[in-house]
Structure formats: structure tokens, C-alpha cells
Amino acid sequence: MAITRQVITSLQRDGTDALGTRTVAMKIVDESIVSGSLLTVESNHFCILKSRGAVLNVYETGQYALQTPDKPLVGSVVQGFFGGSSPWVYEVIYINRSKLLVRNEGVATSAEMAEMSYVVDYYIHIDSKEEALDLITHMPFAGAVIDTKEIADYAGPAIEQAINQIIQVTKMENVNERISDVREAVKAHLTDFLKVYGIMLNDLKVLIMPRDERMRELISLQAIGLTPIEAVRYYLALRMADKGLVSAPNAAAGVPFQIGGQPTGFYPLGDEVGATR
């Protein structure tokens, strides 16, 4: 962000956007912002001007000459009276109105108390000046920016509650059959939760899988038509094959492994073959 010759813009010197694809809101506090300063708002931003905690104006796309309460003493005259700085400190807050991607990850438990990992990817955006005001009113700045990670931290408990309401009464092997119910529950909870902050929810994707890698492989083997016992045998055979054990096919087939040659018949033992007692 650059404030050069009292021109405020979200574009950096190399032409890139300071908000990027991860920043929801960015706050600029500078004593050089006075009446007459030029404020530039890009097409994918809103901008809010605050002073002493009060919102003075909300701007959409365009360039504006700021009209602040430092009149009739303006610009350099004000700074001259106060040693080169303005007695009023103004905050310029840029709000990103583009669609931003947010991810939440967590763990839920199935009906058997098996741990299930979930990943929720969703897009958010801020659609109007009123929603931009809701954002800065209800979500505090921990620093100079509010990013998508902070949105994920706020939304995490709402997502976890929605998922657990369904997963905790569903057997692990039946979780994927209810993925549509889970998605709708998460969408409803998350839409209501984010609305308070002026954030609109767009597309949403939910992925749920066993947290334990072995359980994921066993369920995958059952999905191709194997019985639970066969799935265990094939899983054991795959692990044995990874170790280079020649008995891996026997484990898959469920038959014993013979060391040495296989018997091909019955042979007499007696005087005629030279055997002695």
C-alpha cells in the first residue's frame, strides 16, 4: 500500500494488489490523511473511512477527494499548526469484495467412536457497503489485516457442530451415503453464522474420510466387493508385498505357505528302497 503525495491506494509500487487472494480487510492508519487527500478504490474493493471510532463514509469503485472534519483548517495548514502532523487520525479500511477461498479441517467421531477427518472448502464474498460495515463492526482487527485464516477460525465451531450432529449417529461405513445431508447441514449453519459478519457463502465442498490410514484402505478394499475378512487378508497381503515377502499371495488367498517342495505322492519306505529300521 502506498500513501504518496496524499494519494491513498491499495496498489503497491509494483502494481500488485495489497489485499491479494487471502486478505479480507486491510486497515491503514496515517497522520498524513487530511481533507483533500485522494482516495482510490479498485473495482474489487470497498473502502471505509473512520475517525475516532466513527465511520465517516463508505466508498465504492472510483477516486474521491476526502472531505474530513478538519475544515476549515485543511491540508498543510493543519499540519503546520500541529508540528507537521494532523490532530485527527483517520483509518482507511479496504474491504475485498472478490470471492475468496477458505478451508476448515477438523475431526469428528462416528457412531462407533471412530475418528473421521473432514475438510470443508468454501468461497465467501462481501456483496454490499452494508455488509462491509457489518464485517468491521462485528469482526475485530487483531492487527492490520483480517485474512481468510481468521474467517476459518471464527467459522470452525459452527462447521464442527453441523458435521457432528450427523456423523455421531452414523456408522463409519455409511458416512459417504450421508455426505449430501452433511453438506446441506454445514451450508445452512455456515450461511447463518457468516451473515452476522456481512459475509456471503457461495460454493461449498465437504470431504469426510477415516482419520486412520489403515481404516481408509480397508474400507476401499470393501468398496470393490470384498467381504470384511477378504479385505483384511488383502490388506495384510499388500503390506507383506511391500516388505518383499514371497508369502504375500498365500495371505491374500488364505492358504498356508509351504517351505520346500510340495508333496507329489506317496513313496514306500522299506528294504526295497534301502530304508532300515
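These legends accompany close-up views of a predicted model. Local features need pLDDT of at least 70 and side-chain atom pairs count only at pLDDT 80 or more, while totals for chains, interfaces and linings use all residues. Residues are numbered from 1 along each chain as its sequence is written, and side-chain values use heavy atoms, with hydrogens and water left out.

**View A. The open sheet β9-β10-β12.** Three strands make up this open sheet, in the order β9-β10-β12, with antiparallel pairing (strands are DSSP runs of E, at least two residues, and helices are runs of H or I, at least four residues, both numbered from the N terminus; two strands pair if DSSP finds at least two bridges between them). Because β9 (100–109) and β12 (200–210) each have a single partner strand, they stand at the edges, and one side of each is left without a neighbour in the sheet. On average, neighbouring strands of the sheet are turned by 20 degrees against each other, direction ignored (axes are lines fitted to C-alpha atoms, for helices over the stretch in contact, and angles run from 0 to 180 degrees between N-to-C directions).

**View B. Strand β10 beside β12, with helix α4 across them.** Strand β10 (residues 115–125) and β12 run antiparallel and are joined by nine bridges. Valine 120 stands opposite valine 206 in β12. Helix α4 (residues 179–195) lies across β10 and β12 and runs at about 140 degrees to β12.

**View C. Phenylalanine 193 in helix α4**. Phenylalanine 193 counts as partly exposed because its relative accessibility is 24% (buried means under 20% relative accessible area, exposed over 50%, partly exposed in between, with a 1.4 Å probe and protein chains only). Not counting residues up to four places away in sequence, phenylalanine 193 touches Tyr154, Ala155 and Ala158 (contact means heavy atoms within 4.5 Å). Phenylalanine 193 and alanine 155 are 38 residues apart along the chain, and their C-alpha atoms are separated by 7.3 Å.

**View D. Threonine 148 in helix α3 (residues 148–167)**. With a relative accessibility of 9%, threonine 148 counts as buried. Its contacts, leaving aside neighbours within four places in sequence, are Thr21, Arg22, Val24, Leu100, Leu101 and Val102.

**View E. Valine 246 in the loop between α6 (228–242) and α7 (248–253)**. Valine 246 counts as exposed, because its relative accessibility is 64%.
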